[in-house]
Every structure is written in structure tokens, then in C-alpha cells.
Amino acid sequence: MCRSRSMSGSRTTGPVLTSAAVTGLLACVLVGCSGDGKRRVAPVDDAGVPRRSETFCPPCADRGMAEPAGAECPQTGDDIDAYLDSATKLYDQGKFAAAYGCSQIAVDLGPTAVEAHHLHAASLAALGHYRRAQWAFAAALALDPDDAETLAAAADFYINILPAKRRETTSLGLRYATRGAGRATTRRRTDNRLRARLSLLQGEALTDLGRAAEALERVDEALALAPDLHEASFERAVALYHLVRFDEAEMALSSLLAANSNDAFLHYQLGLVLEAKGESKAARERLARAAALAPNEFPHPVPITAEAFDELLAAAVAELPADEQALLKGVELVVVERPSRDDLLLADPPFSPAIVGLFRRGDAASAVGGVTMAGRSARAPAQAGKTLVKLYRRNLRRLARDLEDLRAQVRRTLRHELGHVRGWDEAEVRRRGRD
């Protein structure tokens, strides 16, 4: 944990492909947090499979228990500091149920003690009781909205720990991290490690939101404050990947692997970089190594042939309302395996390699470029000729959990792109429920 005495509920990164989730869905693949504190490539379900959840907490279901199963806490009378010390020690040892029990007693003894609620929230999050953790973080911040350590822990919770990853939760985490960074720099005692962590959290959130150029600035700030912060070095490589600076990302990841050759998340992210560079054989080797080291951590692309994928897309088109089928008559609909470098460099800053679709209007002078949090699509500058919609088969297969989910993702992406064909920008597409 990382209060002066306690924990923050932080995670160490690996990426969500980002990972974040190491992640890190990416931004274009999303981000979450693994059990060992690694940022992973995408949000994950309870089986460890990266996915996108439609549930926004609250009401987010906790892991099957109405009440957390708190282990017995050593009794120390009415000494709240002793319970806080015990909770911190137990948390740092990975004994989260016992930490929860001690923090609960601390909350009962000191209902206005920010640190007690902070430890309570972090323990609940570690036990998978996400809804209750939200309430506990809210209680701590209601007592002191300027507590930088609690702001960092809450940011980490919303950016990396919640399995139901959405733009709203990541944006909330970013606001907490930004507020915390401001408070950390005005404290009487300078804590560069805390400031570095808050800058890193901002970078992670910005990457997940498709703002990799800004993310790189925040991560560089983190490294200036704490050059040995491994998570920030990793996140920097993730941002470089999303900015199509593949050679730099490869060099950074290779350097990190030299120091930790068994880090599955480093192997996975390097595999994605090599895949984006077109080095298929080397990419497969890295991705296979990652899967061998951490079998449940990474998305396995849904197995489907190109022909079967085309049939799936044809079925999605057939299900469209008549007015949207009419829209498609003026559109060139193309499926390719993955984005080319030329596709990604159509905008500045470039589109992420994890986008699942690209829209380009051929009958307008210009169009706005952008990438959604999920990497759902991109809008390219206009070219002369027919309006173009591209779907990227590999990225859609990687985003989906199974064949049925792949069908849903294809339908969703197609309708998203048709929103752009209608002239809607990303904000309008989201407002109309097509994100």
C-alpha cells in the first residue's frame, strides 16, 4: 500500500495492452488489473479473459457474497492505530480477508478516520467486493476530498481494478488522479513517489481513453520523478505502441525483458508490437510465450476463417433496418486482417493499432479523426472517391470472448461506422448508444 503508513490498492504494471490492463483494452484494447498487480491488455471477466462489460458500477455485482468473509483480526482493545497498523501489514502480506476484518474494526472505532475507510476500501477491492469498495472510497473522500493517497487509491480502483471497464469509470479515475497530483505537489512534505504514481495513473487512463500522446507526457513526468518505476517504463512502451512508434516500443520492451525474462505481460505487449510491424513469426512466438507463462491472462482471438467471418458480416448487414441498408449502398465495406501503417498514419496523432474499424468519407473536404476508448473505430481525413468503411478482423476476433460475442461486436462496430456515415462524430455516436 502506499499511504505513509498504509496501502493504496495500487497495482504494478506489466500492459492493458495497454493493460492496462497491462492493460491495459488498451486503449484500443482495454485495460484492467491482474491479481499480481500487472496492468493487462484488456478488461477481464472472472475467468481472467479480457472483455468489455456493459455493467457500470454501481450496480456492479460483487463476487457472489452478500458480505465479505473477513478473517479474524488480532484484538488490540480500542486502539485504532493498532488496528490500522495490523490492516496495513496484513494487506501488504496479501492477507486481504484479515486486512478487511481489521479495517472494519478501525472504521467502527473511528468513523471519521480517512485512513480507516481507505484501508477498508482497498481490502474490499482486493476481495472482489467492488460495489462496497466504491462506497468505502466515497466515504474516505467525503471526509477529506484532498487526501492525495486516497485519491491515488481511488484512481487506481477505477482505472485498473474494476472489471466493468467503461469510459465513465476510467474518466472518473483520471479525475481522481489529476486532483491527487495537484494535492500531492502542494503538500508540505514532498513525496516524489506518490507524485510519480499519480502521473502514471493519469497516463494509464489517458492511454485507455485513446489519448496516447497526452499519456506519454504524463508517463515521462512519472519517470522524471521516479526513474526506477518499472510500471512507468512499461506504460511508456504501451503509449509508444499506440502512437505507432513501433521501433521505440520494441526497444523499450526488449530492454525491460532483459531484466525480467519471465514477465508474461512484457512478452505479450512485445508480441503486439511485432505483429503491428508485420513480423508475424516473431509475434506468434512472443504471444505463445506470454500464454505459456500466464495461461488465463490474455485474449485468444476467436477462431474463425476469413470466409466464415464474411458470412457473419453479411448476416449483420441483413439484420440492419432498411434505412441503414440503404446507407450502405453508397459505402465501400471492406474487411482486412489488421490496420496497415498507412491506415494508422491517416491522422495526427495516429490511430491506435488496436482499432476495430475505420471510416473515411469520400465526398467531404475533411473529417475528424479519433479513437474511442475501446478502440472501436477511427475517422480518417477524407479522400476523393467513395465513402469507405473498413473492419479489422484480427482486432475484432481479439476483442470478442467467443463466436456469439464476435457476432455482437461485428454488429456493434458496423452500426458505429454507419453512425459516422450519417455524419455523427464520436460524441454523437456515444450519445446514441452506438459506442
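How many aromatic pairs does a search of the whole structure find? The search finds eight. The model is predicted.

- A pair of aromatic rings is described by the distance of the centres and the angle of the planes.

**Aromatic cluster**
- One aromatic cluster is formed by Tyr130, Phe137, Phe157, Tyr158 and Tyr176.

**Charge over a ring**
- Arg393 places its charged end over the ring of Phe309.
- The distance to the centre of the Phe309 ring is 6.0 Å.

**Helices α1 and α2**
- Helix α1 covers residues 80-92, and helix α2 covers residues 96-109.
- The two helices pack at an angle of about 160 degrees.
- Angles over 145 degrees count as roughly antiparallel, so α1 is roughly antiparallel to α2.
- Their axes lie 8 Å apart.
- The crossing of α1 past α2 is left-handed.
- On the α1 side, the residues in contact are Ile80, Tyr83, Leu84, Ser86, Ala87, Leu90 and Tyr91.
- On the α2 side, they meet Phe96, Ala98, Ala99, Cys102, Ser103, Ile105, Ala106 and Leu109.

How values were computed
Residues numbered from 1 in each chain as written. Predicted model: local features only at pLDDT ≥ 70, side-chain atom pairs only at ≥ 80, totals over all residues. Heavy atoms only, no water. Phe/Tyr/Trp six-rings, centres within 6.5 Å; stacked < 30°, edge-to-face > 60°. Lys NZ or Arg CZ within 6 Å of the ring centre and 35° of its normal. Axes fitted to C-alpha atoms, helices over the stretch in contact; angles between N-to-C directions. Helix = DSSP H or I, 4+ residues; strand = E, 2+ residues; numbered from the N terminus. Parallel < 35°, antiparallel > 145°, perpendicular 65-115°, else oblique. Left-handed = near helix turned anticlockwise from the far one by under 90°. Contact = heavy atoms within 4.5 Å.
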